[in-house]
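Dear colleague,

Please find below the structure that I am handing over to you. A short account of the findings follows it.

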Amino acid sequence: MIPHPGNVFVVSAPSGAGKSTLVHRLMATVPDLVFSISFTTRQPRPGEVDGRDYFFVEDAAFDAMVRSGGFLEWVQVYAHRYGTGRAWLEQQLATGRDVLLDIETTGALNLRRAIPDAQMIFILPPSAGILAQRLRGRGKDSEEQVAIRLDHARHEMEQFEAYDYLVVNDDLDAASHRLEAIVQAVRARRERMAAQARSILAGF
Ligand code: ADP
Ligand code: 5GP
């Protein structure tokens with residue numbers, strides 16, 4: 001168990017469900033939330049920045065981190081590897097700020113072993129048909145890749161029961177509000193607010 005004074009949020013979703021869109025909005029609207037920057041061996045996409053979206057590393061550097069136990073969890077997704085850096089995350093958690101991890105389901109379940117009170121949020125597309133439309137509309141993938149992602153999506157979707165909160169990304173604004181409400185509700189929990197409440201009480 002990694003000690004942490006703040007809240008840890010884990011967000012997962014099948015590819016194309018709108019997770020990046022929702023997470024970007026959440027990071028822009030909710031203060032005091034730190035995005036966990038993963039390490040990956042894949043190439044940056046246009047617009048992605050090293051050290052902001054990911055730490056982009058070579059295979060050899062990733063291997064070295066695996067060997068030295070530098071990852072809290074890591075997985076291979078399609079042709080690439082992704083991992084949550086142990087030292088980096090521990091450093092962020094020690095600041096007491098809330099941390100959000102955008103990771104897939106296998107990694108999320110492994111992470112929960114290290115951080116059992118992580119708040120697990122799963123984003124679902126409204127339907128399989130709409131997911132296929134969004135993947136095609138995004139224009140990043142060939143028809144063959146869309147078929148692979150849809151097949152993988154079903155496996156990811158099957159994991160939803162392991163999560164604490166479910167958000168169906170139908171209307172983007174509505175889904176954004178629901179996601180934000182989850183974060184705010186977790187922050188308002190009695191055990192999280194007790195110190196502040198006691199200090200208010202002490203003033204009476
Ligand atoms: P993910 O990160 O889950 O793979 P993206 O955030 O890239 O998904 O979203 C996939 C596509 O669907 C993008 O083109 C995005 O603009 C679009 N999208 C996301 N949310 C919605 C929504 N609620 N309604 C319509 N389109 C959406
Ligand atoms: P993408 O290449 O589209 O950025 O990410 C592909 C998938 O890898 C997404 O589902 C994303 O959540 C997941 N992912 C990103 N970083 C990590 C990580 O550090 N660990 C795990 N387990 N999954 C990750």
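The shell of residues around ligand 2 comprises four nonpolar, four polar and six charged residues. In this division Ala, Val, Leu, Ile, Met, Phe, Trp, Tyr, Cys and Pro count as nonpolar, Asp, Glu, Lys and Arg as charged, and the others, Gly among them, as polar. The model is a predicted one, in which local features need pLDDT of at least 70 and side-chain atom pairs count only at pLDDT 80 or more, whereas totals for chains, interfaces and linings use all residues. Residues are numbered from 1 along each chain as its sequence is written, chains are lettered from A and ligands numbered from 1 in the order in which they are written, and side-chain values use heavy atoms, with hydrogens and water left out.

Ligand 2

Ligand 2 is surrounded by 14 residues, of which K19, S38, Y54, Y82 and D102 are the closest; a residue is counted here if one of its heavy atoms lies within 4 Å of the ligand. Strands β5 (71–77) and β6 (80–85) each contribute at least two residues to this shell, and β6 provides the largest share, three residues. Strands (E, at least two residues) and helices (H or I, at least four) are DSSP runs numbered from the N terminus.

Several polar contacts (pairs of N or O atoms within 3.5 Å) can be listed. An oxygen atom of ligand 2 lies 2.5 Å from a polar side-chain atom of Y54, and an oxygen atom of the ligand is likewise 2.5 Å from an N or O atom in the side chain of Y82. A polar side-chain atom of E73 is 2.7 Å from a nitrogen atom of ligand 2. Taken alone, ligand 2 exposes 510 Å², and the protein buries 88% of that; accessible areas come from the Shrake-Rupley method with a 1.4 Å probe.

Ligand 1

Around ligand 1 there are 14 residues, the closest being G16, K19, S20, T21 and R138. They divide into three nonpolar, six polar and five charged.

The side chain of R134 places an N or O atom 3.2 Å from a nitrogen atom of ligand 1. Ligand 1 exposes 570 Å² when taken alone, of which the protein buries 74%.

Yours sincerely

Technical notes:
A polar contact is a pair of N or O atoms within 3.5 Å; within protein, one must be able to donate a hydrogen and the other to accept it, and residues adjacent in sequence count only if both atoms are side-chain atoms.
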